[in-house]
Amino acid sequence: MSAELSLTYDGADLDKDDVVLRTESLKKSFGGLTATDDVSIAVERGSITGMIGPNGAGKSTLFNLISGFYELDSGSVYVNDTEVSGMKPYEIARSGLMRTFQTPRRLEGMTVREAMLVGPQGQSGESILPLFFGGSKVRTEETANLEDAQRMLERFEIDHLANAPSTELSGGQLKLVEMARAMMAEPDVLLLDEPVAGVNPTLAKKLAGFIEELNEEGQTFLIIEHDMSFIMRIADPIIVLDQGRVLMEDTPETVRSDERVIEAYLGGSP
Ligand SMILES: Nc1ncnc2c1ncn2[C@@H]1O[C@H](COP(=O)(O)OP(=O)(O)OP(=O)(O)O)[C@@H](O)[C@H]1O
Ligand SMILES: [Mg+2]
């Protein structure tokens with residue numbers, strides 16, 4: 001097999017080492033509805049790759065397929081060139097992929113600090129706190145985790161919320177906690193599903209800054225977002241999904257003025 005992959009973006013050929021995440025012909029139907037229709041994408045290591053598309057285009061479904069929350073009808077997913085199709089979310093997390101949710105889950109009964117200590121297994125919604133606090137982990141590891149959590153909370157400027165019950169956070173704060181928590185696993189690629197939906201403009205600007213800063217340090221992102229000024233400012237390339245398919249992938253400038261993209265959005269409005 002060739003080490004070169006042909007990508008739609010700029011017709012660029014990327015070496016497999018440059019690709020952190022790749023999907024091949026993903027398909028998913030719900031009853032008679034095809035939510036994901038032959039989706040092949042590649043995310044370049046070190047990029048902030050954006051994903052846009054009208055409501056119901058299949059963006060979140062694609063994230064759910066990639067991260068193992070939905071079972072694939074067909075197709076394959078590769079993280080760091082290792083096939084992860086069919087794996088459980090926590091196994092995919094261990095392979096280097098973390099994701100946040102469009103609607104962040106509140107971790108009932110946990111403070112922000114405790115929520116931060118739920119490892120990648122927490123991706124599947126299962127609590128592994130008993131593992132952390134039940135004595136099965138050595139103390140030094142617990143201390144290291146606590147220090148990592150503190151550092152990450154400081155980095156996202158939410159360390160003042162460490163002792164707050166996660167149920168008492170605002171939507172925006174919860175988005176920050178989710179992102180900080182996902183970063184605890186030191187993922188090779190972090191998938192964010194609408195990180196600034198419902199977030200006030202000031203916090204959205206701050207979040208863009210955090211993402212850019214992390215990216216400058218080498219963190220790769222794949223970000224779904226409806227807020228065009230946000231995504232066009234931070235992401236390149238941008239993948240456009242429409243009716244379960246990849247409509248195009250290009251620079252923000254080209255995507256913004258493409259007639260098919262404008263049509264997809266206008267066609268979707270009442
Ligand atoms: N678990 C499910 N069961 C049945 N249908 C589903 C399920 N998940 C998604 N769908 C359907 O798949 C289609 C794509 O939904 P999806 O949530 O992926 O869209 P989206 O692009 O994320 O939209 P939005 O921008 O509104 O978040 C929709 O028609 C949706 O109703
Ligand atoms: Mg969605």
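The structure is a predicted model, in which local features need pLDDT of at least 70, side-chain atom pairs count only at pLDDT 80 or more, and totals for chains, interfaces and linings use all residues. Residues are numbered from 1 along each chain as its sequence is written, chains are lettered from A and ligands numbered from 1 in the order in which they are written, and side-chain values use heavy atoms, with hydrogens and water left out.

**Exercise 1.** Classify E186 as buried, partly exposed or exposed, and describe its backbone.

*Solution.* Step 1: the relative accessible area of E186 is 64%, so the residue is exposed. Step 2: E186 is located in the loop between α6 (171-183) and β10 (189-193); helices (H or I, at least four residues) and strands (E, at least two) are DSSP runs, numbered from the N terminus. Step 3: the phi of E186 is positive, about 50°, although the residue is not a glycine. Most residues other than glycine have a negative phi.

**Exercise 2.** Carry out the classification for D38.

*Solution.* Step 1: D38 belongs to strand β4. Step 2: its phi is positive, about 65°, and D38 is not a glycine. Step 3: D38 counts as partly exposed because its relative accessibility is 33%.

**Exercise 3.** Determine which polar atoms face the oxygen atoms of ligand 1, and how much of the ligand the protein covers.

*Solution.* Step 1: a polar contact is a pair of N or O atoms within 3.5 Å; within protein, one must be able to donate a hydrogen and the other to accept it, and residues adjacent in sequence count only if both atoms are side-chain atoms. Step 2: a polar backbone atom of G58 is 3.0 Å from a ligand oxygen. Step 3: a polar side-chain atom of S60 lies 2.9 Å from an oxygen of ligand 1, and an N or O atom in the side chain of Q102 is 2.9 Å from a ligand oxygen. Step 4: on its own, ligand 1 has 640 Å² of accessible area (Shrake-Rupley method, 1.4 Å probe; for residues, only the protein chains shown count as cover). Of this area, the protein covers 65%.

**Exercise 4.** Decide whether α1 is mostly covered or mostly open.

*Solution.* Step 1: seven of the eight residues of α1 are buried, among them K59 and T61. Step 2: the helix is therefore mostly covered. Step 3: after α1 comes G68, with a positive phi near 85°.

Notes: Buried < 20%, exposed > 50% of the residue type's maximum accessible area, 1.4 Å probe, protein only.
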